[in-house]
Amino acid sequence: MPFRDRIEAGRKLAAPLATYGNQHPAILALPRGGVPVAAEVAAALHAPLDLIIVRKVGVPFQNELAMGAVVDGGAPIVVRNDDVIRLGGVSEADFQAECRKEIAEIERRRQRYLGDRQRLEISGRTAIVIDDGIATGATTRAALQATRKRNPSRLVLAVPVAPTEIVPQMRAECDDFVCLEEHTAFAAIGYYYRDFGQVSDGEVLDMLRRFPISSDPRQSRERAQP
């Protein structure tokens, strides 16, 4: 059954994640669609919210088809979907060119969303990575691999919806995988939402302001109130 919108999905997702509320969790959202979902979880768990900026690397002639993904960092992590690259007949030069384009877009978004905002420290904490759904899994895998390098004590992936066939891959990349709905015949993520309108940069910034980085969970709780 479709979720009304990302806010409802986030509230529903918060329920099975409540067991992590006393573990000083850190919530990491994939912008832009994952931010409204993650904000509801962060509010429910009284946890800080930060971004993990990932960009899908689309096939040049069919951009919605992911042949890989890149994630922000000093040395950007690239996850390849070699089956798609091969079937699409994409050369290595073309693949690298698309990666460079997405890395430039990551930098633009990092400056736009975060600026000089302090990065959330997740070492030794439970890190919960959240998006509004999973399609091919390329961006999700990149986000999980990058988060793992930051040494969380536990790595959790939480999404409202995902295709059944990639669930084993996701479980292999994290310590716990929470998914409200799995579908064997999977359509686009937006199919499972009645309202799947694009999330604007302004909305992302507004939600981040509700959750300033703080080492004190009590401060995060107070500031998270809208």
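1. Two strands count as paired if DSSP finds at least two bridges between them. Strands (E, at least two residues) and helices (H or I, at least four) are DSSP runs, numbered from the N terminus. In strand E7, Arg154 is the bridge partner of Thr126. E6 (residues 126-130) and E7 (residues 154-163) run parallel and are joined by 5 bridges.

2. Some ground rules. This is a predicted model, where local features need pLDDT of at least 70, side-chain atom pairs count only at pLDDT 80 or more, and totals for chains, interfaces and linings use all residues. Residues are numbered from 1 along each chain as its sequence is written, and side-chain values use heavy atoms, with hydrogens and water left out.

3. The sheet. It is open and has 5 strands, in the order E2-E1-E6-E7-E8, with parallel pairing. Its edges are E2 (49-51) and E8 (176-183), each of which pairs on one side only. On average, neighbouring strands are turned by 20° against each other, direction ignored. Here axes are lines fitted to C-alpha atoms, for helices over the stretch in contact, and angles run from 0 to 180 degrees between N-to-C directions.

4. Salt bridges. The whole structure holds 17. The criterion is a side-chain nitrogen of Lys or Arg within 4 Å of a carboxyl oxygen of Asp or Glu. Side chains of opposite charge can pair when their charged atoms come close.

5. Why can Asp83 and Arg86 be described as about one helical turn apart? They sit 3 residues apart in helix H3 (residues 82-87). Asp83 is partly exposed at 45% relative accessibility, while Arg86 is exposed at 57%. The cut-offs are under 20% relative accessible area for buried, over 50% for exposed, and partly exposed in between (1.4 Å probe, protein chains only).

6. Arg110 is partly exposed at 25%, and so is Glu107 at 35%. An α-helix has 3.6 residues a turn, so residues three or four places apart point the same way.

7. What does Arg108 reach? Its side chain meets that of Asp201 in a salt bridge of 3.8 Å, N to O. This links distant parts of the chain, with Arg108 in H4 and Asp201 in helix H7 (residues 201-210), 93 residues apart. Arg108 is partly exposed at 37%; Asp201 is buried at 14%. Shared partners join Arg32, Glu105, Arg108, Arg109, Arg112 and Asp201 into one network of salt bridges.

8. The largest pocket has a volume of about 1,000 Å³. Of its 33 lining residues, Lys56, Glu64, Asp131, Asp132 and Ile189 are the closest to the centre. A pocket is an open set of points on a 1 Å grid over the protein atoms alone, where a 1.4 Å probe fits, with protein on both sides within 12 Å along at least five of seven lines; lining residues have an atom within 4 Å of a point. Volume is the space filled by probe spheres set on the points, which are joined across faces, edges and corners.

9. Lining make-up: 14 nonpolar, 10 polar and 9 charged residues. Nonpolar covers Ala, Val, Leu, Ile, Met, Phe, Trp, Tyr, Cys and Pro; charged covers Asp, Glu, Lys and Arg; the others, Gly among them, are polar. Strands E3 (54-59) and E4 (62-71) and helices H4 and H5 (138-148) each supply at least two lining residues.

10. H5 is largely enclosed by the rest of the structure, because 8 of its 11 residues are buried. Among them are Ala138, Thr139, Leu144 and Thr147.
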